[in-house]
Amino acid sequence: MICDFVRGSFRPVKILLVYPRNPDSFWSFTHVLKLVSRKSAFPPLGLLTVAAMLPRHWSFRLVDLNVRPLADDDLRWADYVLLSGMIVHKASAREIAARCGAMVRASSSCATPAPPRSAARCARSCCTAVPA
């Protein structure tokens with residue numbers, strides 16, 4: 001069982017699942033979705049499958065950037081950030097990784113006894129997995 005040791009007790013890991021924004025194209029159905037009262041044409045099934053394979057006692061939060069924006073509070077909440085996407089999501093995935101990196105740089109200048117675990121892990125997992 002993987003848990004973080006925080007303040008003398010174990011607690012479940014918090015996982016943020018992020019699906020990047022679809023670029024505006026014919027295949028994203030951006031204009032058609034408004035007509036059928038939908039925000040996204042394709043649910044992030046890959047991320048949901050990954051979540052189903054992880055331990056049930058972990059906490060999960062799913063953010064589909066086609067439905068709502070990614071808040072800084074979401075990134076601060078998470079111990080790990082998992083991205084899923086295709087090559088068409090490259091620009092959006094890079095933006096997410098840059099936000100994670102910015103959080104690490106901003107938090108490293110704080111006068112805290114230990115570096116914030118969520119921002120550091122976010123940057124490691126986001127920045128190394130985005131295609132060049």
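Modeller: A patch is built from residues with over 30% relative accessible area and no salt bridge, where like charges are joined within 9 Å and nonpolar side chains (Val, Leu, Ile, Met, Phe, Trp, Tyr) within 5 Å. A salt bridge is a side-chain nitrogen of Lys or Arg within 4 Å of a carboxyl oxygen of Asp or Glu. Areas come from the Shrake-Rupley method with a 1.4 Å probe, and for residues only the protein chains shown count as cover. Leu45, Leu48 and Leu62 form such a nonpolar patch on the surface, with about 260 Å² of accessible area together.

Colleague: What kind of model is this?

Modeller: The model is predicted; local features need pLDDT of at least 70 and side-chain atom pairs pLDDT 80 or more, while totals for chains, interfaces and linings use all residues. Residues are numbered from 1 along each chain as its sequence is written, and side-chain values use heavy atoms, without hydrogens and water.

Colleague: Why does leucine 48 count as partly exposed?

Modeller: Buried means under 20% relative accessible area, exposed over 50%, and partly exposed in between (1.4 Å probe, protein chains only). Leucine 48 has 39% relative accessibility, so leucine 48 is partly exposed. Leucine 48 sits in helix H2 (residues 45–53); helices (H or I, at least four residues) and strands (E, at least two) are DSSP runs numbered from the N terminus.

Colleague: What makes strand S3 mostly covered?

Modeller: In S3 (residues 14–19), six of six residues are buried. Lys14, Leu16 and Val18 point one way, Ile15, Leu17 and Tyr19 the other, and all are buried.

Colleague: How do you know which strands S3 pairs with?

Modeller: Pairing requires at least two bridges found by DSSP between two strands. Six bridges join S3 to S4 (residues 59–64), and four join S3 to S5 (residues 80–83). S3 runs parallel to S4 and also to S5. Lysine 14 has serine 59 as its bridge partner in S4, and valine 18 has leucine 83 in S5.

Colleague: What makes a set of residues a nonpolar core?

Modeller: The set must consist of buried Ala, Val, Leu, Ile, Met, Phe, Trp, Tyr and Cys residues joined through side-chain atoms within 4.5 Å. The largest core has 12 residues, including Leu16, Val18, Leu65 and Ile96. S3, helix H3 (72–77) and helix H4 (90–108) each give two or more residues to this core, and H4 gives the most, three. Another core lies apart from it, with seven residues, among them Ile15, Leu17, Tyr19 and Ala51.
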